[in-house]
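Look at the model first, then read on.

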Amino acid sequence: MHMLEVVDIYKSYGSCEVLKGLSFTVDKDETKVIIGTSGTGKSTLLKCINQLDPPDKGEVWLEGEDITNPSIDLNRIRQKIGFVFQDFNLFNHLTALQNVSIGLEKVKKIEKENAREKALEELRRVGLEKQSCQYPAQLSGGQKQRVGIARALAMDPAIILFDEPTSALDPELIGDVLDVMKNLAGKVAMLIVTHEMGFARNVADEIIFMEGGTIIESGPPEQMFNNPKKERTRQFLGRISTLYGKE
Amino acid sequence: MRSLPELLEGVPITLLLTFCAISAGFALGLLLALGRVYGKKGISYSCIAYLEIFRGTPLLVQLFIIYYGLPNIGIIFSPLLAALLGLSLNSAAYQAEYLRGSIQAIPANQMIAGRTLGMTRFQSIRTIILPQALRISIPAWSNELIYLLKYTSIVVYIQVRDLTFQAKDIAAQSSRYLETFLVVALIYLLFTILFSEIVDRVEKRVRIPGVGLSPRIVKRNMKIPFKT
């Protein structure tokens with residue numbers, strides 16, 4: 001049984017078809033990275049997976065459960081799908097610690113003391129225990145995103161979805177966030193949309209190249225970077241490499 | 001000035017009207033604001049209708065309808081109760097609009113982030129949206145409190161013995177209109193200053209950096225340790 005299985009999903013907005021029949025799986029503790037040009041439906045795909053914006057057609061299975069089934073309790077399911085946003089979306093009125101613990105307190109109904117303890121542990125994991133009492137407005141972008149990751153981790157999710165987690169960050173802050181994600185690799189299933197090719201190459205178990213709402217090609221990083229099967233993949237990765245420099 | 005004690009007899013009524021109307025108005029206003037923003041179409045439109053009616057007609061006419069009009073169909077209120085009812089219903093409409101503005105000022109992604117954690121819509125509203133929206137609405141709410149305190153004086157028209165009613169009585173008996181009403185104005189002024197000072201302190205006390213204030217003001221008024 002796969003941790004996550006996406007089966008032939010379609011999604012349109014009006015007459016604009018964004019996702020055109022995508023299928024893939026993510027296994028336990030596996031790291032998959034989705035790459036592709038902007039506007040190819042990568043973010044839409046993530047929203048279709050956690051049912052924030054359910055697909056029009058197709059199925060999403062999480063730990064053997066069809067979560068596209070309309071009768072399912074999505075609030076229960078979403079606890080198991082961590083989500084890290086491009087623009088952080090921390091709760092502005094809560095401290096870093098409270099941001100991480102609120103899900104435990106309100107959703108998992110864990111006692112306040114224990115929730116805070118666990119939250120502090122997660123903040124430590126992302127190197128921010130010193131900032132636990134600061135509000136989002138007092139944190140740098142990189143720190144905010146690490147709190148965002150801690151918030152997702154605290155819920156002990158089956159999988160974490162990352163929607164371009166470093167795109168809104170200054171170049172010098174990106175490293176801290178990527179380091180945290182690197183440390184998570186192999187410990188929790190991750191599906192990451194990113195433009196960080198170096199990260200994709202070093203950390204991903206598999207890279208999925210998406211364009212025009214479909215998967216053009218997927219495979220291990222070595223194959224994708226050195227020996228892609230499709231001409232389009234070669235073009236894309238070639239251009240990215242000249243843009244960002246080869247690792 | 002010998003009449004001062006008599007004048008002050010009206011103060012408790014004025015304060016009672018203000019506090020009850022602001023509280024009841026807040027409770028009802030919050031429901032109206034939530035109904036308007038999050039309710040299904042029918043609920044949302046009902047809330048809008050309420051707001052339009054109570055904001056679109058004079059408070060005095062509303063009080064007249066309640067106090068003089070409703071007895072025609074067998075519903076009779078004492079002057080004080082009629083005043084409380086009218087002021088509360090009216091204030092609710094205004095407070096609902098302030099609250100709606102604050103709720104809608106919270107970025108939609110805050111709700112989405114809450115839902116992503118597995119919170120229900122209601123939980124997200126209660127624990128994520130409202131704590132931020134209420135803080136933002138404090139300045140407007142402070143205005144409403146002061147307006148309300150002053151507008152309670154309108155209840156003299158339905159025979160409620162508030163501060164202004166007492167003043168009218170005393171002035172008529174003594175013919176010292178200027179003196180009496182200047183003193184009354186001063187009393188209202190003292191209370192409005194006191195109230196806005198209290199609300200101001202509450203606002204500072206519950207203030208959270210990054211919620212409801214521009215960063216410039218935050219920097220100037222509060223020493224925030226940036227990027228420690």
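## A strand with cover on both sides

This is a predicted model. Start with strand β3 of chain A, residues 31-35. Five of its five residues are buried, so the strand is largely enclosed by the rest of the structure. Which residues cover its two faces? On one side sit Thr31(A), Val33(A) and Ile35(A).

In β9(A), Ile207(A) stands opposite Val33(A).

## The six-stranded sheet

These strands belong to an open sheet of six strands in chain A. The order is β6-β7-β8-β3-β9-β10, and the pairing is mixed. Which strands lie at the edges? They are β6 (81-84) and β10 (214-219) of chain A, and each pairs on one side only. From one strand to the next, the twist averages 20°.

Strand β7 of chain A covers residues 159-163. It runs parallel to β8(A), and five bridges join the two. Within this pair, Ile160(A) stands opposite Met190(A) of β8(A). Helix α1 of chain A, residues 42-49, packs on the sheet. α1(A) touches β3, β6, β7, β8 and β9 of chain A. Its direction makes about 150° with that of β7(A).

## The four-stranded sheet

Chain A holds another open sheet, this one of four strands. Its order is β2-β1-β4-β5, with antiparallel pairing. At the edges stand β2 (16-26) and β5 (65-66) of chain A. Each has a single partner strand, so one side of each is left without a neighbour in the sheet.

Strand β4 of chain A, residues 57-62, runs antiparallel to β5(A). Two bridges join them. The bridge partner of Leu62(A) in β5(A) is Glu65(A). α1(A) packs on this sheet, touching β1 (4-13), β2 and β4 of chain A. The direction of α1(A) makes about 65° with that of β2(A).

## The nonpolar cores

Nonpolar side chains tend to be buried together in soluble globular proteins. Here the largest nonpolar core has 116 residues. Which residues have the most contacts inside it? They are Ile159(A), Leu161(A) and Ala83(B). Helix α5 of chain B, residues 79-105, gives the most to this core: twelve residues.

Now look at what Ile159(A) touches. Leaving out residues up to four places away in sequence, the list is Met3(A), Leu4(A), Val26(A), Ile81(A), Ala189(A), Met190(A) and Leu191(A). A second, separate core has five residues. Among them are Leu7(B), Leu163(B), Ala167(B) and Val184(B).

## Chain B

Chain B has ten helices and zero strands. Its C-alpha trace spans about 65 × 50 × 20 Å along its principal axes. How many residues does chain B have? It has 228, of which 35% count as buried.

Take the contacts in chain B with a separation of 6 or more. Residues 24 or more positions apart account for 72% of them.

## Where the chains meet

The contact takes 23 residues from chain A and 23 residues from chain B. On the side of chain A that touches chain B, the elements giving two or more residues are α2 (74-78) and α3 (96-107) of chain A. The largest share, four residues, comes from α3(A). By class, this side of chain A has ten nonpolar, nine polar and four charged residues.

Arg78(A) is worth a look. This residue is found in helix α2 of chain A. Is Arg78(A) buried or exposed? Arg78(A) has 24 other C-beta atoms within 10 Å, and 20 or more count as buried, so Arg78(A) is buried. Leaving out residues up to four places away in sequence, Arg78(A) touches Asn50(A), Arg115(B), Thr116(B), Leu117(B) and Gly118(B). Ile110(A) lies 32 residues from Arg78(A) along the chain, and their C-alpha atoms are separated by 17 Å.

Definitions and conventions:
Residues are numbered from 1 along each chain as its sequence is written. Chains are lettered from A and ligands numbered from 1 in the order in which they are written. This is a predicted model: local features need pLDDT of at least 70, side-chain atom pairs count only at pLDDT 80 or more; totals for chains, interfaces and linings use all residues. Two residues are in contact if their C-beta atoms, placed from the backbone, lie within 7 Å. Ala, Val, Leu, Ile, Met, Phe, Trp, Tyr, Cys and Pro count as nonpolar, Asp, Glu, Lys and Arg as charged, and the others, Gly among them, as polar. A residue is buried if 20 or more other C-beta atoms lie within 10 Å of its own, exposed if 12 or fewer, and partly exposed in between; C-beta atoms are placed from the backbone. Two strands pair if DSSP finds at least two bridges between them. Axes are lines fitted to C-alpha atoms, for helices over the stretch in contact, and angles run from 0 to 180 degrees between N-to-C directions. A nonpolar core is a set of buried Ala, Val, Leu, Ile, Met, Phe, Trp, Tyr and Cys residues joined through C-beta atoms within 7 Å.
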